[in-house]
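Student: I would like to go through this model and ask, for each label, what it rests on.

Tutor: Go ahead; each answer will set the value against its definition.

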Amino acid sequence: MTIAPSVALVDYGAGNLTSVSLALSHVGVSHAITRDPDVIRSAGRVVFPGVGAAGASMRNIQEAGIDQALREVARAGTPLLGICIGCQILLDRSQEDGGTDCLGLLPGEVERFDFSALPEPRPKIPHMGWNPVSFLREHPVLEGIPSGAFFYFVHSFYPAPSRQEDVLGRSSYGDRTFASILARDNLVATQFHAEKSGVHGLEILKNFSRWSP
Amino acid sequence: MLAKRVIVCLDVRNGQVTKGVKFKENRDLGDPVSMGAEYYRQGVDELVFYDITASAEGRGIDIEMVRNVAREVFIPFSVGGGIRNLQDMREVLLAGAEKVSVNSLAVRDPSIISHGAKAFGNQCIVLGMDVLKVGASESLPSGYEVVVKGGRERTGIDAVSWARRAEELGAGEICLNSIDADGMKTGYELDLTSMIARAVTIPVIASGGAGRPEHLADVLEPRIGADAALVASLTHIDGYTVGALKAAIAQRGIAVRI
């Protein structure tokens, strides 16, 4: 018999697993690092990290049988936080790796930054560094954080949800304004790396650990 | 809008942060973990830990130090100086570093850049290059030559062609250190920085020569084109806070994270 953890940190080989774990510990959130679908299903809340490519990440998730568990978690109303690739994968589909079917928990696609129509010098890809996020409404995970706060991004693809009401925060890069925080019901997801975004990023992790949707 | 970054570099020798002029006359300044944590609290955008004796002593990076930094510092940091192979890269990244930096290893074996980028993603691989002004010649058209071993050994490689090659191989970023400017406190070498920043499409970190906060603003101006400015003695020895450096940059109308 497995003991249900209060927070499950999903381990599917994502490179930022250690950093997310250390950040959660730093803000006093005890958590279990797990790739066991049953443990993920029974957890009180789930953190879904990610870094790298959508195709390989989806393959790892499917091989571990975690995709089904995540769908059930989302349906059951368990708070779920996706980070970076863990944010993108919540959508229907990504343009990355020749097109990758994702979890479909939020309607929309993940698109590639394309600045080829802009004059030189063009914005660099990946979009890497600190960029402000404008909050479009209030949300418990953003409590205590000012709109316009900077967060740390590293990505070449960005979420393009089809429902405007799923966009909680947005950022601009080049001529593109994109959704940098998504939220709906028990789901919240950040395109930026909350675990590497200093005090404001830590605040999001802490707020998430106390959030009852 | 993406902010320009201020990066503090901590050269580590025998477990202590050290600072020398032109890679000589080093003196110890303190513990890398607590110094890194202090700069994190001051609002630095990124940290670099460089194990300056690991390569020479043929040993790997102090992984325990990397892990201790990752426990206290929740911004990106990179680690370099003792990376020998992919396994070393993997250990450093798994310990919580965001990026690894390769310098003389990449000169000896450029394929480490492509292998590292393939295994961990381009954004994880920083090419550190030390560059010496030598004057333009047929074999060194840019007038700048890549050097290794802290400037003691010339490679015959042109700085601009090396930067382009590194980008092709998959480097995510270039940390460009001017050996001539390093420790002189007369400002970054702007011509060199501008030449490299124009030659590649990946971000360029300017390093070497900062003596006043305004020097950071100079190199981050759009006409020069650096994406980040790296400092060491300005904060370690001269006592400037990260906030004071950023204020000088912001005053020039350049976006920084305050």
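Student: How many helices and strands are there in chain B?

Tutor: The model is a predicted one, and in it chain B has 11 helices and 12 strands.

Student: What makes chain B as compact as a globular protein of that length?

Tutor: The globule rule gives 18 Å for 258 residues, and the radius of gyration of chain B is 17 Å, which is close to it, so chain B is called as compact as a globular protein of that length. Its C-alpha trace spans about 50 × 40 × 40 Å along the principal axes.

Student: What share of the residues of chain B count as buried?

Tutor: Buried means under 20% relative accessible area, and 61% of the 258 residues of chain B count as buried. The accessible surface of chain B is about 10,000 Å², with 49% of it belonging to carbon and sulfur atoms.

Student: Why is L190(B) called partly exposed?

Tutor: The relative accessible area of L190(B) is 26%. Buried would need a value under 20% and exposed one over 50%, so L190(B) is partly exposed.

Student: Where is L190(B), and which residues does L190(B) touch?

Tutor: L190(B) is in helix 8 of chain B, which covers residues 190–199. Leaving out residues up to four places away in sequence, L190(B) touches D218(B), V219(B) and I224(B). As for S178(B), 12 residues apart from L190(B) along the chain, the two C-alpha atoms are separated by 9.8 Å.

Student: How do you know that strand 12 of chain B pairs with strand 1 and with strand 11 of chain B?

Tutor: Two strands pair if at least two bridges are found between them. Strand 1 (residues 5–13) of chain B is joined to strand 12 of chain B by four bridges, and strand 11 (residues 204–207) of chain B by two bridges, so by that cut-off strand 12 of chain B pairs with strand 1 and strand 11 of chain B. Strand 1 and strand 12 of chain B run parallel, as do strand 11 and strand 12 of chain B. In strand 12 of chain B, L230(B) stands opposite I7(B), while A228(B) stands opposite I205(B).

Student: Which way do the residues of strand 12 of chain B point?

Tutor: A228(B) and L230(B) point one way, A229(B) and V231(B) the other way, and all are buried.

Student: Turning to chain A, how do you know that its radius of gyration agrees with that of a compact globule?

Tutor: For 213 residues a compact globule would have a radius of gyration near 17 Å; chain A has 16 Å, so the value agrees. Chain A has six helices and 14 strands, and 57% of its 213 residues count as buried.

Student: What makes strand 2 and strand 9 of chain A edge strands?

Tutor: Eight strands of chain A form an open sheet in the order 2-1-3-4-14-13-12-9, with mixed pairing. Strand 2 (32–34) and strand 9 (134–135) of chain A each pair on one side only, and they are the edge strands. Strand 9 of chain A pairs with strand 12 (residues 167–173) of chain A in the antiparallel sense over two bridges, and S134(A) stands opposite R170(A) there.

Student: Which strands does helix 1 of chain A lie across?

Tutor: Helix 1 (residues 17–26) of chain A lies across strand 1 (7–10), strand 2, strand 3 (45–48) and strand 4 (80–83) of chain A, and runs at about 160 degrees to strand 1 of chain A.

Student: How many aromatic pairs are there over all chains?

Tutor: The count comes to 14 aromatic pairs over all chains.

Student: Why is the pair of F113(A) and F178(A) called edge-to-face?

Tutor: Ring centres must lie within 6.5 Å, and planes over 60 degrees apart count as edge-to-face. F113(A) and F178(A) have 5.5 Å centre to centre and 80 degrees between the planes, and the pair is edge-to-face. F113(A) is buried at a relative accessible area of 1%, and F178(A) is buried at 3%.

Student: What makes the pair of F153(A) and F192(A) edge-to-face?

Tutor: The centres of these rings are 5.6 Å apart and the planes are at 75 degrees, so this pair is edge-to-face. Both F153(A) and F192(A) are buried.

Terms used:
Residues numbered from 1 in each chain as written. Chains lettered and ligands numbered in written order. Predicted model: local features only at pLDDT ≥ 70, side-chain atom pairs only at ≥ 80, totals over all residues. Heavy atoms only, no water. Buried < 20%, exposed > 50% of the residue type's maximum accessible area, 1.4 Å probe, protein only. Contact = heavy atoms within 4.5 Å. Axes fitted to C-alpha atoms, helices over the stretch in contact; angles between N-to-C directions. Rg over C-alpha atoms; globule rule 2.2 N^0.38 Å. Phe/Tyr/Trp six-rings, centres within 6.5 Å; stacked < 30°, edge-to-face > 60°. Areas by Shrake-Rupley, 256 points an atom, 1.4 Å probe, with all protein chains shown as cover.
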